[in-house]
Amino acid sequence: MQENLPKMPPQAKCTRCRARAAVSLPSHNSRFCTACFLHFFRTAVTRGLKKAGPEKDTPLMVAVSGGKDSLTAWAVLDDLGFETRGLHLNLGVEGYADASRQAVADFAKSRGLPWAEYSLKQEFGYSLPEIYDILHYKICAVCGKLKRHFLNRLTARQGYSCLATGHNLDDEASRLLGNLVGDRQEFVKRQYFYLPSPHPEIPARFKPLYRLEIKEIREYCRMQDIRPVQGGCPYATGATSHYYREALEHLEEKMPGTKRGLLFNYLRKPKELGFSGGFTPCRICGQPCPAETCPVCALKKRVQDMAARRSAHAQNCNPEQPESTHTD
Ligand code: SF4
Ligand code: ZN
């Protein structure tokens, strides 16, 4: 799989201004110099905003993991003049969590932007590695669910009404393909790049980078000297989304524009967006949810039950030695 944009021959010219080109974008059939690439990049975000998105004067919370996508989303929203605040959820993954936090802190400092940090352990009672040790499987699905719910809650807790995330075109196209293959219509409906708030305690969600590919984001980071955390989450290897992403990447190499076509054709179709049905307060935590118990409380109960079963099993396998009846 090609990781970066193709290198330019020295005589190549920018499609927009005819200066020397710095990058080639085969899926747009274009080449750009540095200045025109930055213009192209920001225009892709404003084009999305013209279709749907927060008003220019809406203060935005930006979910920042410390990776290239979320830092770039934060950078470009800041460049476009939005009032922003970073929101970092520390998952407690040894080594990776500290490096991610540092990348967020360095970026925020370099631009003088405010940010808030929360820990999954404090909010949920378990860190991600602790959850993995207990459940042992599908950790990315569990992690995705927790991040989605806690980032919503924390955004509302900070008094913001809209949360921006770093999802890019590759994420969205591969997720769409997975949802279509699995006929998960509820998720397909929620994949639009802007979902208005369905309840006063649930923020609107916005994906400013949904029109931009990973390679383009990587190039933007390089040109803007954005320094994301290096390496990846150690749990990333088991995610099924990788298979869909690889399949689309293969098609893209043969037919540039495939990913874009898949996603944008879906987005063009009229559809009922977001959540269907009403909300009631979760009977455990009070958070608005479509069922009696919210997904976070249901998951916590499952983790607690599994942990209790495991500890009972361990006790049965290693019963304490009976007290000695030996007498001298
Ligand atoms: Fe969570 Fe999986 Fe992403 Fe790691 S790779 S942060 S476990 S979703
Ligand atoms: Zn709950």
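Among contacts in the protein (contact meaning heavy atoms within 4.5 Å) between residues at least 6 apart in sequence, 70% join residues at least 24 apart. The structure is a predicted model, in which local features need pLDDT of at least 70 and side-chain atom pairs count only at pLDDT 80 or more, while totals for chains, interfaces and linings use all residues. Residues are numbered from 1 along each chain as its sequence is written, chains are lettered from A and ligands numbered from 1 in the order in which they are written, and side-chain values use heavy atoms, with hydrogens and water left out.

The protein contains 12 helices and 10 strands, where helices (H or I, at least four residues) and strands (E, at least two) are DSSP runs numbered from the N terminus. The C-alpha trace spans about 100 × 50 × 45 Å along its principal axes. Of the 328 residues, 45% are buried, a term that means under 20% relative accessible area, with exposed meaning over 50% and partly exposed in between (1.4 Å probe, protein chains only).

Helix α2 (residues 68–79) packs against helix α9 (residues 214–224) at an angle of about 65 degrees, and the two axes are 10 Å apart; axes are lines fitted to C-alpha atoms, for helices over the stretch in contact, and angles run from 0 to 180 degrees between N-to-C directions. To this contact α2 contributes Lys68, Asp69, Thr72, Val76 and Asp79, and α9 contributes Ile214, Ile217, Arg218, Tyr220, Cys221 and Gln224. These residues divide into five nonpolar, two polar and four charged, where Ala, Val, Leu, Ile, Met, Phe, Trp, Tyr, Cys and Pro count as nonpolar, Asp, Glu, Lys and Arg as charged, and the others, Gly among them, as polar.

The zinc ion (ligand 2) is coordinated at 2.2 to 2.3 Å by the SG atoms of Cys282, Cys285, Cys294 and Cys297; donors are N, O and S atoms within 2.8 Å of the metal (3.2 Å for Na, K and Ca), and water is not among the atoms, so sites may look incomplete. The spacing of the donor residues in sequence is C-x2-C-x8-C-x2-C. Cysteine 282, in the loop between β9 (280–281) and β10 (288–289), and cysteine 297, in helix α12 (residues 295–317), are 15 residues apart. Cysteine 282 is buried, with a relative accessible area of 4%, and cysteine 297 is likewise buried, with a value of 11%.

In helix α5 (residues 128–135), the buried residues are Leu128, Pro129, Ile131, Ile134 and Leu135, and what covers them includes α4 (120–124), α6 (139–157) and α12. Helix α5 is followed by histidine 136, whose phi is positive, near 70 degrees. Tyrosine 118 lies in strand β5 (residues 115–119) and counts as buried at 16% relative accessibility. Leaving aside neighbours within four places in sequence, the contacts of tyrosine 118 include Leu87, Leu89, Glu123 and Arg157.

Most residues other than glycine have a negative phi. Aspartate 183, although not a glycine, has a positive phi of about 50 degrees; this residue is in the loop between α7 (169–181) and α8 (185–189) and counts as exposed at 53% relative accessibility. Aspartate 225, also not a glycine, has a positive phi of about 55 degrees and is found in the loop between α9 and α10 (241–254).
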